[in-house]
Amino acid sequence: MGIVAGLDSSSAFTHIVVCDADTGAVLRQGYAAHPVEAKATEVDPQAWLLSLGEAATGGLLEGVQAIGVSAQQHGLVPLDQQGNLVRPALLGNDKRAQVAAADLIDGLGGRQAWAEAVGAVPQAAQPVSKLRWLVRSEPDAAQRVAAVLQPHDWLVWQLLGRPSRRTTDRGAASGTGYWSAGTGSYRPDLVELALGQQAALPEVLGPSDTAGTTPEGLLISAGTGETMAAAFGLGVGVGDAVVSLGASGSVMAVHHEALSDPTGIITSFADATGMHLPVVHTLNAVRALRGSAEMLGLESLEELSALALKSTPGASGLVLLPYLEGERTPHLPHTAGTLSGLRRESMKPEHLARAAFEGMLCSLADALDVLRGRGVEVRRVFLLGAAAELPAVQGLAPALFGTQVVVPQPAEYAALGAARQAAWALGVSRGTLDPRTPPAWQGAAAQVLEPGEELPVGQAVRQQYMATRDQLHPGAFDSAL
């Protein structure tokens, strides 16, 4: 059918993959770091274009017929009436809007009201909270805001030559705090609640739609957010969950409908295929491992993993509740972590190391159970992040999650997902693909792990963990599980 490209503009770099449109085979790749600090909380979006240009040098895009754009989520690009920047873009890692988010929650009548309205309770990262922060902190700039975009929207708009039509997709829109995945529509009243005035919002495209064509004839697909693009690149479908092991953790799964969660624990995103991606976040994941390694005087997580495997299931009765900096799942924002079950025989380094891995994975299993409790089917779990390669994680996860675990080989899945979307849009435009069915690319190369005979052992460890959790934090999960 041709050649397509996927562009992923993350918080730190641009990665481009050029693929065969029929098979998804990667033909060539390009990479460039953003000319800004990765931890910056605001940036001139021109930096994204500079990085894109550098990544695409050397004829990388020669012969490409369509391109998809994936980008970091939750950024806010505020524009004035002429389409010029009002101020630098505010990025997803900017936490200054925490008070603004709390104000918005109260302004609409509480967490349940927001969950029913848009499937998510405002967090500091979301554009709706950033708009309220702008009103409070930079009122002159806020008054000039006439339109708002996210990073992927802005990049697509730039690639198309800044047309009068501005677009987004349902995946990126579902993270704004003013678009509902359940109804598939914007809530302009929430924009006005946050900004004090209306602002133009981009048109929400369908998964296989085309945003436009460049003057050179390059088709641009709808694009999407990084999370949705990565799920599409992995090839996950109904019955699949993705557990991401970063400093914090997240669990998401493909589901046939949006979930309205009055507790606010579930965030209801849309995916890049027309389905839904309910997500549950934890504040603590790998940070619990790093803290345990430091406590034990170890220099790496690999050492912690090797030490943990010298212990036995249940860590000789030690249980670590890894709520080190408060927790989102369960909702315990002001609590601290707990190490329980200390006895003379359990006070050994290997047992603490094991308890750290079991505690982290049991906490993520709790998040999986939140989704299962709402009818989400989980037949296998994709495990992402550098920590997924650790032997202790791979040895414990299948039994603790109670299902098959898939550890994909490292790859640029967000860029691959963007490329797959480009192939879909290209095929639909030519009449060779169904707008409801994406191209059947080969799935990610992966290691598959089964719980096998260890399943009863894993269930016993989870029971030990849950008993400790419920004793120390009674009722924490009553409304969620």
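Predicted model: local features only at pLDDT ≥ 70, side-chain atom pairs only at ≥ 80, totals over all residues.

Tutor: We shall take several kinds of feature in turn, each with its general idea and then its case here.

Student: How many salt bridges does a search of the whole structure find?

Tutor: A salt bridge is a side-chain nitrogen of Lys or Arg within 4 Å of a carboxyl oxygen of Asp or Glu. The search of the whole structure finds 18 of them. One of these joins Arg96 to Asp94, with the closest N and O atoms 2.7 Å apart. Another is formed by the side chains of Arg187 and Asp189, at 2.8 Å from N to O.

Student: Where in helix H12 do Asp369 and Arg372 stand in relation to each other?

Tutor: Helices (H or I, at least four residues) and strands (E, at least two) are DSSP runs, numbered from the N terminus. Asp369 and Arg372 are three residues apart in H12 (residues 349-372), so about one helical turn separates them. They form a salt bridge whose closest N and O atoms are 3.3 Å apart. Arg372 is partly exposed, with 27% relative accessibility. Both residues belong to a network of salt bridges that links Asp366, Asp369, Arg372, Arg462, Arg469 and Asp470.

Student: At what angle do helices H2 and H8 pack?

Tutor: Axes are lines fitted to C-alpha atoms, for helices over the stretch in contact, and angles run from 0 to 180 degrees between N-to-C directions. Helix H2 (residues 98-108) and helix H8 (residues 188-195) pack at about 125°, and their axes are 10 Å apart. Angles under 35 degrees count as roughly parallel, over 145 as roughly antiparallel, 65 to 115 as roughly perpendicular and the rest as oblique. H2 and H8 are therefore oblique to each other.

Student: Which residues of H2 and H8 meet?

Tutor: Contact means heavy atoms within 4.5 Å. Leu104, Gly107 and Leu108 of H2 meet Leu190, Leu193 and Ala194 of H8. The residues of this contact divide into five nonpolar, one polar and no charged. In this division, Ala, Val, Leu, Ile, Met, Phe, Trp, Tyr, Cys and Pro count as nonpolar, Asp, Glu, Lys and Arg as charged, and the others, Gly among them, as polar.

Student: What is there to notice in the backbone?

Tutor: Most residues other than glycine have a negative phi, and most peptide bonds are trans. In this model, a cis peptide bond joins Thr329 and Pro330, with omega about 5°. Pro330 lies in the loop between strand S20 (319-321) and strand S21 (338-340).

Student: Where are His74 and Ser316 placed?

Tutor: His74 is in the loop between strand S5 (66-71) and strand S6 (77-79). Its phi is positive, near 70°, and His74 is buried at 17% relative accessibility. Ser316, in the loop between helix H11 (301-308) and S20, has a positive phi of about 55°. Ser316 is partly exposed, at 30%.

Student: How many residues of helix H9 are buried?

Tutor: Seven of the nine residues of H9 (residues 226-234) are buried, and the helix is mostly covered. Among them are Met228, Phe232 and Leu234. Just after H9, Gly235 takes a positive phi of about 85°.

Student: Which residues does Leu449 touch?

Tutor: Not counting residues up to four places away in sequence, Leu449 touches Gln394, Pro398, Thr403, Gln404, Val405 and Val407. Leu449 lies in strand S24 (residues 446-449) and is buried, at 14% relative accessible area. By contrast, Leu50 in helix H1 (residues 46-55) is exposed, at 57%.

Note on methods: Residues numbered from 1 in each chain as written. Heavy atoms only, no water. Buried < 20%, exposed > 50% of the residue type's maximum accessible area, 1.4 Å probe, protein only.
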